[in-house]
Amino acid sequence: MKNVKRYEAPTLQDALYQIKADLGPNASVLYVKEIKKFRSFRLSCKKSVEVLAGLEEQTPALVNGTKLEMIQYELREMKSFMHDMLQQNLHSGRKTTKFSGPFEDMYQRLVSCDVEEEIAEHFVRNLKERLTDREANDAKLMEEALVKMIAQMIDVSGPLISGSTKIVAFVGPTGVGKTTTIAKLAANLTLLEKKKVGLITIDTYRIAAVEQLKTYAEIMGIPLDVVFTPKELLPALQKHRNKDVIFIDTAGRNPLNESQMAELQNFIGLDSTIEVLLLMSMTTKAKEIPEIFSRFDIAKINRLILTKFDEVTCFGNLLTAATKSRRPISYITTGQNVPEDIEAADALKLARLV
């Protein structure tokens, strides 16, 4: 064998093109190997193919026989390589479980819908204990049983209004829709339920946020106070004591910024009667939800509002929010329209979405 060279390319076909162009059509493939190179600071790797090829020194009498043998060899190698690649693709991302048949299928469906693996296993394990083999093979029956189990895990709360004046603060990361959500609730309470509502904003970081809430307040005929320091909050609350409900809009906070979280606590901690609603976007990754809740719980969260249902197609992360926070879900929002795109959370509806 002469002119033995090593080639690396994204795919086997690319490598064969390189070999043919470099060594000619009589080149022989000695071996094929898949290689992986991990990218720095990323949780992924780049795949490619390494091929060793060369030209075999042959006498004219042996050329035809050798060519046939090499073609057969290359075909065997390519077949083996493609089989390995296919098997790898089929099994990539699939976690080996103790389930089989319809139970394994249901587990994979849940995981593909962004349900965390441990939560998916919990549901499927309970399904396996409750259903007979005959019932498990009835897809509709199995799905309905699962929906009921999920609904039992999702805690939802009643309306915000109950009894005397209620003070409600809306907190959450930047961009989750706090101001728009407040406007939706305030409009529904004022126009439909004929409640007296007062608005206070401590979101003075963004001029646009104050102007947005001010515009909504003027349209609905609701008084609005802008508070810059914790000392100004108590007088503002006292001013609205004759209202049925007082909504407090807060600035979006970076949960990893300790000074911002401490500032939030300084405001909310002034009055123990303030009920705190944490807003979480459905676009948030499931693995980030526990950390967000943990950070914002410095303000002693009472309930959740899940936003941006219109921006996702998978809803499994709402189970993470419900189970890891152990707080009831009050409302969900489904768009930007005020006041239409908000509704009280319904456990069965949410379960069906999952």
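**Close-up views of a predicted model**

**View 1. Asp 249 in strand β7.** Asp 249 lies in strand β7, which spans residues 245–249. The model shown here and in the views that follow is predicted. Asp 249 is buried, yet no salt bridge is found for this residue. The nearest side chain of opposite charge belongs to Lys 178, and the separation is 5.8 Å. A salt bridge would require a nitrogen of Lys or Arg within 4 Å of a carboxyl oxygen. The side chain of Asp 249 does make a polar contact of 2.8 Å with the side chain of Thr 179.

**View 2. The largest cavity.** Two cavities of 30 Å³ or more are counted in the model, and the largest has a volume of about 70 Å³. Its lining includes Val 176, Gly 177, Thr 180, Thr 181 and Lys 184. Also among the lining residues are Thr 307, Lys 308, Asp 310 and Glu 311, together with Thr 333, Gly 335 and Gln 336. Helix α7, residues 178–192, gives the most to this lining, with three residues.

View 3. The largest share, three residues, comes from α12. The lining of the second largest cavity divides into six nonpolar and three polar residues, with no charged residue.

View 4. The buried residues of α12 are Asn 317, Leu 318, Leu 319, Thr 320, Ala 321, Ala 322 and Ser 325. Just after α12, Arg 326 takes a positive phi of about 55 degrees. Lys 324 is linked with Glu 116 and Glu 118 in a network of salt bridges.

**View 5. The salt bridge between Glu 275 and Lys 166.** The whole structure holds 12 salt bridges. In one of them the side chains of Glu 275 and Lys 166 meet, at 2.9 Å from N to O. This pair links distant parts of the chain, with Glu 275 in strand β8 and Lys 166 in strand β4 (residues 166–171), 109 residues apart. Glu 275 has a relative accessible area of 11% and is therefore buried. Lys 166, at 14% relative accessibility, also counts as buried.

**View 6. The salt bridge between Lys 239 and Asp 225.** Lys 239 forms a salt bridge with Asp 225, and their closest N and O atoms are 3.0 Å apart. Lys 239 belongs to helix α9 (residues 230–239) and Asp 225 to strand β6 (residues 224–226), 14 residues apart. Lys 239 is exposed, with a relative accessible area of 55%, whereas Asp 225 is buried, with a relative accessible area of 15%.

**View 7. The salt bridge between Lys 5 and Asp 22.** The side chains of Lys 5 and Asp 22 meet in a salt bridge of 3.1 Å, N to O. The pair joins strand β1 (residues 2–9), which holds Lys 5, to helix α1 (residues 12–23), which holds Asp 22; the two residues are 17 residues apart. Lys 5 counts as partly exposed at 36% relative accessibility, and Asp 22 is partly exposed with a relative accessible area of 39%.

Notes: Residues are numbered from 1 along each chain as its sequence is written. This is a predicted model: local features need pLDDT of at least 70, side-chain atom pairs count only at pLDDT 80 or more; totals for chains, interfaces and linings use all residues. Side-chain values use heavy atoms; hydrogens and water are left out. On a 1 Å grid over the protein atoms alone, a cavity is a set of points where a 1.4 Å probe fits but cannot get out, and a pocket is an open set with protein on both sides within 12 Å along at least five of seven lines; lining residues have an atom within 4 Å of a point. Grid points are joined across faces, edges and corners, and a volume is the space filled by probe spheres set on the points. Helices (H or I, at least four residues) and strands (E, at least two) are DSSP runs, numbered from the N terminus. Ala, Val, Leu, Ile, Met, Phe, Trp, Tyr, Cys and Pro count as nonpolar, Asp, Glu, Lys and Arg as charged, and the others, Gly among them, as polar. Buried means under 20% relative accessible area, exposed over 50%, partly exposed in between (1.4 Å probe, protein chains only). Lys and Arg count as positive and Asp and Glu as negative; His and the chain ends are not counted. A polar contact is a pair of N or O atoms within 3.5 Å; within protein, one must be able to donate a hydrogen and the other to accept it, and residues adjacent in sequence count only if both atoms are side-chain atoms.
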